[in-house]
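Good morning, and thank you for coming. Please look at the sequence and the structure while I guide you through them.

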Amino acid sequence: MAIIEFNETQKAALVSLLIEMINADHVVDPNECVVFNTICVECGICDETFKLGRALNSMVAIDIMKGMSDIQKIVTAQLLTRVIDADTNDDDKEIQLFNVICRATGVDVLINAKGGEE
């Protein structure tokens, strides 16, 4: 995956959304935690940004995501998918949350448009 730059506010939103996804099915799988930690390292999320993201309301995180560039939105959706796939159990609540995030931020339209180009 290409390295995409996020500012600290966007990183905090990413942390918030990833934590929300991990908790969506009310079961925190150790594999989800491993993937989450890997993503934090890949994105350069420091302790301060992590704490901010952990405290950030998920609706605010979605609003921040709405302001991201198209590629940042797509990468964020891909990172959320990595967490969903981490426990090999695609729970309906995780899929529902993913769909809500995609619809609310326009990622669904971006993905559909990109799919039409291929």
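Let me begin with a definition: two residues are in contact when heavy atoms of theirs lie within 4.5 Å. Please also keep in mind that this is a predicted model.

With that definition, we may turn to helix α1. Which residues of α1 are buried? They are Gln 10, Lys 11, Ala 12, Ala 13, Leu 14, Val 15, Ser 16, Leu 17, Leu 18, Met 21 and Ile 22. The helix itself covers residues 8–23, 16 residues in total. From its first C-alpha to its last, α1 reaches 23 Å, close to the 22 Å expected at 1.5 Å a residue.

Leaving aside residues up to four places away in sequence, Leu 14 touches Ile 39, Cys 43, Ile 45, Thr 76 and Leu 79. As for Val 107, which is 93 residues from Leu 14 along the chain, the two C-alpha atoms are separated by 14 Å.

A contrasting case is His 26, found in the loop between α1 and α2. A residue counts as exposed at over 50% relative accessible area. His 26 has 68% relative accessibility, so this residue counts as exposed. Its phi is positive, about 65°, although His 26 is not a glycine.

We now step back to the whole chain. The protein chain contains seven helices and zero strands; from the N terminus on, the order is α-α-α-α-α-α-α. Why may we call its overall size that of a compact globule? For 118 residues, a compact globule would have a radius of gyration near 13 Å, and the protein chain agrees because its own value is 13 Å. Along the principal axes, the C-alpha trace spans about 35 × 30 × 25 Å.

Of the 118 residues, 42% count as buried. Among contacts between residues at least 6 apart in sequence, 81% join residues at least 24 apart.

Finally, the surface and the charges. The protein chain exposes about 6600 Å², of which carbon and sulfur atoms supply 54%. There are 9 positive and 20 negative side chains, and the centres of these two sets lie 5 Å apart.

Thank you for your attention.

Note on methods: Residues numbered from 1 in each chain as written. Predicted model: local features only at pLDDT ≥ 70, side-chain atom pairs only at ≥ 80, totals over all residues. Heavy atoms only, no water. Helix = DSSP H or I, 4+ residues; strand = E, 2+ residues; numbered from the N terminus. Rg over C-alpha atoms; globule rule 2.2 N^0.38 Å. Buried < 20%, exposed > 50% of the residue type's maximum accessible area, 1.4 Å probe, protein only. Areas by Shrake-Rupley, 256 points an atom, 1.4 Å probe, with all protein chains shown as cover. Lys, Arg positive; Asp, Glu negative; His and termini not counted. Charge placed at Lys NZ, Arg CZ, Asp CG, Glu CD. Expected span 1.5 Å × (residues − 1).
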